[in-house]
Amino acid sequence: MKKFNDKLKEVRRGKRFTQKDVYTKMGVSANCYASWEQGRTEPNITNIKKLCDLLEVSADDLLCIEDDGNTPADK
């Protein structure tokens with residue numbers, strides 16, 4: 001299973017964005033964004049939403065959440 005930081009890099013590169021493209025459009029510092037990609041920190045929910053919108057990806061995909069076919073009521 002991929003980690004968030006690896007998926008973030010993969011999606012960003014797939015969109016042909018540089019780190020600078022993303023952190024500038026997000027309004028966060030270069031160090032903050034680099035920390036996300038290096039796995040040192042993770043973004044808050046507001047920034048996850050911004051990343052999803054900017055990178056045109058679902059939160060489930062970006063967060064590496066896999067659907068196991070079970071609903072919460074099934075558990």
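In H1 (4-14), the buried residues are Phe 4, Asn 5, Lys 7, Leu 8, Val 11 and Arg 12, where buried means under 20% relative accessible area, exposed over 50% and partly exposed in between (1.4 Å probe, protein chains only). Viewed down the axis of H1, these residues fall within an arc of 160°, so they line one face of the helix; the arc is that of the directions from the helix axis to the C-beta atoms. Arg 13 and Gly 14 are exposed on the other side of H1.

This is a predicted model, in which local features need pLDDT of at least 70 and side-chain atom pairs count only at pLDDT 80 or more, while totals for chains, interfaces and linings use all residues. Residues are numbered from 1 along each chain as its sequence is written, and side-chain values use heavy atoms, with hydrogens and water left out. Helices (H or I, at least four residues) are DSSP runs, numbered from the N terminus.

The buried residues of H1 pack against H2, H3, H4 and helix H5 (59-62), with contact meaning heavy atoms within 4.5 Å. The largest nonpolar core has 16 residues, and Leu 8, Tyr 33, Trp 36 and Leu 51 have the most contacts inside it. Such a core is a set of buried Ala, Val, Leu, Ile, Met, Phe, Trp, Tyr and Cys residues joined through side-chain atoms within 4.5 Å. Its largest share, five residues, comes from H4.

Leu 51 lies in H4 (residues 45-55) and counts as buried because its relative accessibility is 0%. Beyond four places in sequence, Leu 51 touches residues including Phe 4, Leu 8, Met 26 and Trp 36.

How values were computed
Helices (H or I, at least four residues) and strands (E, at least two) are DSSP runs, numbered from the N terminus.
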